[in-house]
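Student: I would like to learn how to read this model feature by feature, beginning with the fold and ending with the charged pairs. Could you take me through it?

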Amino acid sequence: MEEPPVREEEDGEEDEGALAKSPLQLTTEDVYDISYVVGRELMALGSDPRVTRLQFKIVRVMEMLEALVNEGSLAVEELRMERDNLKQEVEGLRRAGVSGSEVNLGPDKMVVDLTDPNRPRFTLQELRDVLQERNKLKSQLLLVQEELQCYRSGLLPPRETPGGRREKDAMVTMGNGEKEERTIMKKL
């Protein structure tokens, strides 16, 4: 059995060009060229059952490669269209900025687009005020918690509350709930 001779001219630059390209530069035609080259090489190997099984696997790989190349081409085309749209939008804004009256805002002024969902909702000063108030309330909470611990441990005598009850009585009712919480915490 003689194998058909492979002509060097057929294997020339065109077939090797598709194999030499970067995967990101491949086109569908390149995949077809690669498929042709591989198919021709498999035909030269003969009709061995192992070659036939390998051929089916290679066909599947080539189909997957073609699908990936098509997806990549579509993504590149979408990005090009988006880029072109953005260029047009920028040009339109530049023309509008040149023809319209420009407002000099100064270094500490900011333009806010009210339709932007990510725009700042509060001024920096308002955020600072809220943060200071939160810190103040947190420190007051810590002080009250410390005072409560002192009352519970007996270091401070209970004070008279506005309702006429002593805090010790109120602590007894709170103490039972706390014991239940502690037992639940121990169980966990």
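Tutor: Helices (H or I, at least four residues) and strands (E, at least two) are DSSP runs, numbered from the N terminus. Read in that way, the protein chain follows the pattern α-α-α-α-α along its sequence, with five helices and zero strands. Please keep in mind that this is a predicted model, in which local features need pLDDT of at least 70 and side-chain atom pairs count only at pLDDT 80 or more, while totals for chains, interfaces and linings use all residues. Residues are numbered from 1 along each chain as its sequence is written, and side-chain values use heavy atoms, with hydrogens and water left out.

Student: What percentage of the 188 residues of the protein chain count as buried?

Tutor: Buried means under 20% relative accessible area, exposed over 50%, and partly exposed in between, with a 1.4 Å probe and protein chains only. On that scale, 10% of the 188 residues count as buried.

Student: Which residues form the largest nonpolar core?

Tutor: A nonpolar core is a set of buried Ala, Val, Leu, Ile, Met, Phe, Trp, Tyr and Cys residues joined through side-chain atoms within 4.5 Å. The largest one here has six residues, namely A18, L26, V31, I34, M62 and V69, and the elements that give two or more residues to this core are helix 2 (28-45) and helix 3 (49-99). If contact is taken as heavy atoms within 4.5 Å, V31 touches M62, L65, E66 and V69, leaving aside its neighbours within four places in sequence.

Student: How far apart are the end C-alpha atoms of residues 69-96?

Tutor: They lie 40 Å apart, and the span is 100% helix and 0% strand. The unreviewed UniProt entry annotates residues 69-96 as "coiled-coil region", although such annotations may be inferred rather than shown by experiment.

Student: How many salt bridges does the count come to?

Tutor: Side chains of opposite charge can pair when their charged atoms come close. A salt bridge is a side-chain nitrogen of Lys or Arg within 4 Å of a carboxyl oxygen of Asp or Glu, and by this rule the count comes to six. Among them, D48 pairs with R50, the closest N and O atoms being 3.2 Å apart; D48 is partly exposed at 29% relative accessible area, whereas R50 is exposed at 58%. Another joins R60 and E63 (3.6 Å, N to O), residues that are three apart in helix 3 and therefore separated by about one helical turn. R60 is partly exposed at 46%, and E63 is partly exposed at 42%.
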